[in-house]
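Trainee: Could we go through some of the labels used for this structure? I would like to see what each one rests on.

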Amino acid sequence: MLKMKLSLYTVLDIAGFKATFIFFIMLACLFYNPTDSGAVQLTQQNIDMTLASNELVFINFYADWCRFSNLLMPIFDEAADAIAKEFPEAGKVVMGKVDCDKESSVSTRFHISKYPTLKIVRNGQLGKREYRGARNVEAFSSFIKKQLEDPIKEFKELRELGELESNKRIIIGYFDRRDQPEYNIFRRVATNLKDDCQFHVGFEEASRQMHPPGEPIIVFRPDKDRSNDLDETYPGSLKNFDELHVWVSEKCMPLVREITFENAEELTEEGLPFLILFHSPEDNESVKRFNELVQTELLSEKQSINFLTADGKKFAHPLHHLGKSEKDLPLIAIDSFRHMYMFPDYKNIEVPGKLKQFIQDLYSGKLHKEFHYGPESDTEKDKEQPTTPPESTFRKLAPSKNRYTLLGKDEL
């Protein structure tokens, strides 16, 4: 009887060992990198686990037949080895690569339209900006290190908050202590959105008078030009990452953005037409009024168009295409990525509904139709004459053919 029991236990132990062994073999296969060095090969089978289990994942989307991909691959692999040595702890950072021909579903999921494309995923959230810096080992390593820096600045006294200077919007957290679970959620959100907002935090005595004991709070501080507004307190759960992330995202990313030569490429890749206010560098009043109009009259259009302001001095070239110069500022135009259409009379922005109708005329095809056939009725005295639309100039700021292999070029 004893022998039978021992035999049964032995069989169970062997079965358990086999199951464990098979599990680890499967896990190893998921993360197997045939060269045992360089970036981790990501596939449909292992990419979700990789993204979920690492704070930062830097991905190279490539195609074997692409010349630019082949030039980049050894550099990216070398950088991956350097990063792995510098940050060996599990769950911190991974540099990965996706063969988009073999993994077409992954390529589609991440909206890859050119090779090679370099994207960052932080805490499982895809960054909205692609990597566009130098493509060498030093630059990649520096970029990763910067991404892993603590995004939150700690203040020791409340008076420090009155001295903050930032060209970014500000999020402030008041916590009892650093090891609170809610603070870890706040830190993860700040890591994802540090490019758009400045984050500050105070612990213990530094923030005690700002919140009830054991009940940390997070607030949004309005822009300097709205200095009379009070800080806005986050109303949701501090234990819900997604809920806090959505709220902070809405506060950090303004509805109206400034277009520059540095961000023009990424803005064009969003694929939405531009409604642009061209203004003189010192003209803050027209920028403020444009923001007010977007907030009060054009919110319903935010899913279909990008609201932008542009320094008319820096962007003199698009003005020239419109037949205008600095002396004609301010003015408003739509760039549809096919043509540019100018809002006929800037003073009419004060006419309720006029600017919104201008946008709707783009989508109805009216602006394009009137360019070819003229206004529907030439006898109406108050009918505004259409502007002859030149070709889009901002389309030319889309990804360069000298750096990427472009897919669907006609759509960019």
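Mentor: Gladly! One definition to begin with: axes are lines fitted to C-alpha atoms, for helices over the stretch in contact, and angles run from 0 to 180 degrees between N-to-C directions. Keep in mind that this is a predicted model.

Trainee: Why are α3 and α5 called oblique to each other?

Mentor: Helix α3 (residues 67-86) and helix α5 (residues 137-147) pack at an angle of about 45 degrees, their axes 9 Å apart. Angles under 35 degrees count as roughly parallel and 65 to 115 as roughly perpendicular, so α3 and α5 are oblique. Their crossing is right-handed.

Trainee: Which kinds of residues make up the contact of α3 with α5?

Mentor: The contact residues divide into 9 nonpolar, 1 polar and 3 charged. Among them are Leu72 and Phe76 of α3, and Phe140 and Ile144 of α5.

Trainee: What makes Lys97 and Asp77 a salt bridge?

Mentor: The cut-off is a side-chain nitrogen within 4 Å of a carboxyl oxygen. For Lys97 and Asp77 the closest N and O atoms are 3.2 Å apart, so the pair qualifies as a salt bridge. Lys97 lies in strand β3 (residues 93-99) and Asp77 in helix α3, 20 residues apart.

Trainee: Are these two partners buried or exposed?

Mentor: Buried means under 20% relative accessible area. Lys97 has 7% and therefore counts as buried; Asp77, with 17%, is buried too.

How values were computed:
Residues are numbered from 1 along each chain as its sequence is written. This is a predicted model: local features need pLDDT of at least 70, side-chain atom pairs count only at pLDDT 80 or more; totals for chains, interfaces and linings use all residues. Side-chain values use heavy atoms; hydrogens and water are left out. Helices (H or I, at least four residues) and strands (E, at least two) are DSSP runs, numbered from the N terminus. Angles under 35 degrees count as roughly parallel, over 145 as roughly antiparallel, 65 to 115 as roughly perpendicular and the rest as oblique. A crossing is left-handed if the near helix is turned anticlockwise from the far one by less than a right angle, and right-handed if clockwise. Contact means heavy atoms within 4.5 Å. Ala, Val, Leu, Ile, Met, Phe, Trp, Tyr, Cys and Pro count as nonpolar, Asp, Glu, Lys and Arg as charged, and the others, Gly among them, as polar. Buried means under 20% relative accessible area, exposed over 50%, partly exposed in between (1.4 Å probe, protein chains only).
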